[in-house]
Amino acid sequence: MKLARSIFGGLAVLSAFAVSVPASAQDATPSHVYQVVDNINAELSLLLEADDSVALVDKSAPALTPRKPRHVIQKAREVFLKVQLLRRINGLPVTELQPFPVRAIKPADVKGMVEVVLTDLRGLREPFAVSADAEPAALPEGKTPTDVYGNLTKTSAWIDGLGMPKTVPNDVYRVALTIVSDLQKVRIARGMTDDIAVESVSSGKKPNQVYKLGVQLLERIGELAKNERFAISGGVVMPNLREGKITPAHVIDILNNVQAEVVAMKLAVGASDPSDIIAAPAGKTPSDVYDALETALQMVETLQVNS
C-alpha cells in the first residue's frame, strides 16, 4: 500500500523529548550515531522507491558551522517526530516523547533516539509493501557531531519526499513558546519570578522577518552566555545564515538551535525542571511567532540587566 497522503495539518513539534539510553550505548561515539542514521537513510530509500517518490534535497542549505550533541539531538527530535507522523498517517501506533532531563547531552543520548527512529521506520515496511531488507551500514571512522547533524538534515529532507505535510506557523509557534517557557525557568533560577507574557501585537509578518528575529535572539543569548553566570559549554554556536526564500521549516531549524542553547543555559544556572510540553496551537501566523520571539528577547534583556 502506498503512503496515504496526509489530511492532517502541519507537523506537531513537541517541546521536550526523552529516550532511554541502554548501558551498552553509553560509550557511543558520533561515528556510532552516524552509522544508525545511515541505516535510517537506507530504510528511507526502500520506502521512497516503493512509493515512487523522489528523495528531496535542500539545495539552499548553507554550509554547517560546528555542531555539538545538544544541537544534534534537536535535529534528531525533528526526524523522530516526522517518523511518528508518518506512522500515524499510515494507521500505526506512535511512540510518545517525554520530557528530557536537564543535563549535558552526549552522543549516547542521540544514539538512543535515532535507534528508536530506525525501529519505528522499519515498522512502515508493511504499509509500503516493502519486503526487501536494507543493506546494513558499515561503521565509519572519525565522524563528528557536525557530520551527524548534516546526515540527519538529509534524513529530514528525504522524509519530506514521502509526501509529508509542510511545516506551518502553528509548528513554529510551539517551538517559540517552548523557548519562552525555558527562558522563564532560567529567570526563576536567577531569582526573577515576575511573568513576561506573550502579547499578540504584530501583524503582517513574513517568515523571513521571523527568521531574522530568531537569529537576533540566538546572538543575544550568545552575548549573555559570555557572562560566567550563564556560561554554556563551548559557547553558543552561530549557524551560517540562509539566503533566498525563507519557509516556516527554515524558521524551525534556527529556533531548534536556539532551544538547544537555552536548555544548555538552564543547566548552567541550575534550572532542573525539564522543558514543558506545550499544547498544540491552532490558527497561528508568522506574526504570532514574531511576538513570542520578541518576548524571548525581553527575557534575555532582563537577564543581562540583572546579571
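Helices are taken here as DSSP runs of H or I of at least four residues, numbered from the N terminus. In this predicted model, helix H7 defined in this way contributes the largest share of the lining of the largest pocket, namely seven residues. The volume of the largest pocket is about 870 Å³, and of the 38 residues that line it, Asp58, Asp160, Arg242, Ala249 and His250 are the closest to its centre. Two or more lining residues are given by each of helix H2 (69-89), helix H4 (145-160) and H7. By residue class, the lining of the largest pocket comprises 20 nonpolar, eight polar and ten charged residues.

Helix H7, spanning residues 248-269, also contains Val258. With a relative accessibility of 0%, Val258 falls under the 20% limit and is therefore counted as buried. When neighbours within four places in sequence are left aside, the contacts of Val258 are with Ile179, Gly214, Leu217, Leu218 and Ile221. The C-alpha atom of Val258 lies 8.9 Å from that of Val236, with 22 residues separating the two in sequence. A further buried residue, Phe128, has a relative accessible area of 2% and is located in the loop between helix H3 (107-122) and H4. Although Phe128 and Ala50 are 78 residues apart along the chain, their C-alpha atoms are separated by 6.3 Å.

The count of salt bridges comes to 13. One of these pairs Glu43 with Arg122, with 3.4 Å between the closest N and O atoms, and links distant parts of the chain, since Glu43 belongs to helix H1 (residues 30-50) and Arg122 to helix H3, 79 residues apart. Glu43 is buried at 2% relative accessibility, whereas Arg122, with a relative accessible area of 39%, is partly exposed.

Lys75 and Glu78 are both buried. The side chains of Lys185 and Asp276 likewise meet in a salt bridge, at 2.9 Å from N to O. Lys185 lies in helix H5 (residues 169-189) and Asp276 in the loop between H7 and helix H8 (286-305), so that this pair ties together parts 91 residues apart in sequence. Within this pair, Lys185 is buried, at a relative accessible area of 14%, and Asp276 is partly exposed, at 35%. Elsewhere, salt bridges that share partners join Glu43, Arg122, Arg125 and Asp133 into one network.

How values were computed
Residues are numbered from 1 along each chain as its sequence is written. This is a predicted model: local features need pLDDT of at least 70, side-chain atom pairs count only at pLDDT 80 or more; totals for chains, interfaces and linings use all residues. Side-chain values use heavy atoms; hydrogens and water are left out. Buried means under 20% relative accessible area, exposed over 50%, partly exposed in between (1.4 Å probe, protein chains only). Contact means heavy atoms within 4.5 Å. On a 1 Å grid over the protein atoms alone, a cavity is a set of points where a 1.4 Å probe fits but cannot get out, and a pocket is an open set with protein on both sides within 12 Å along at least five of seven lines; lining residues have an atom within 4 Å of a point. Grid points are joined across faces, edges and corners, and a volume is the space filled by probe spheres set on the points. Ala, Val, Leu, Ile, Met, Phe, Trp, Tyr, Cys and Pro count as nonpolar, Asp, Glu, Lys and Arg as charged, and the others, Gly among them, as polar. A salt bridge is a side-chain nitrogen of Lys or Arg within 4 Å of a carboxyl oxygen of Asp or Glu.
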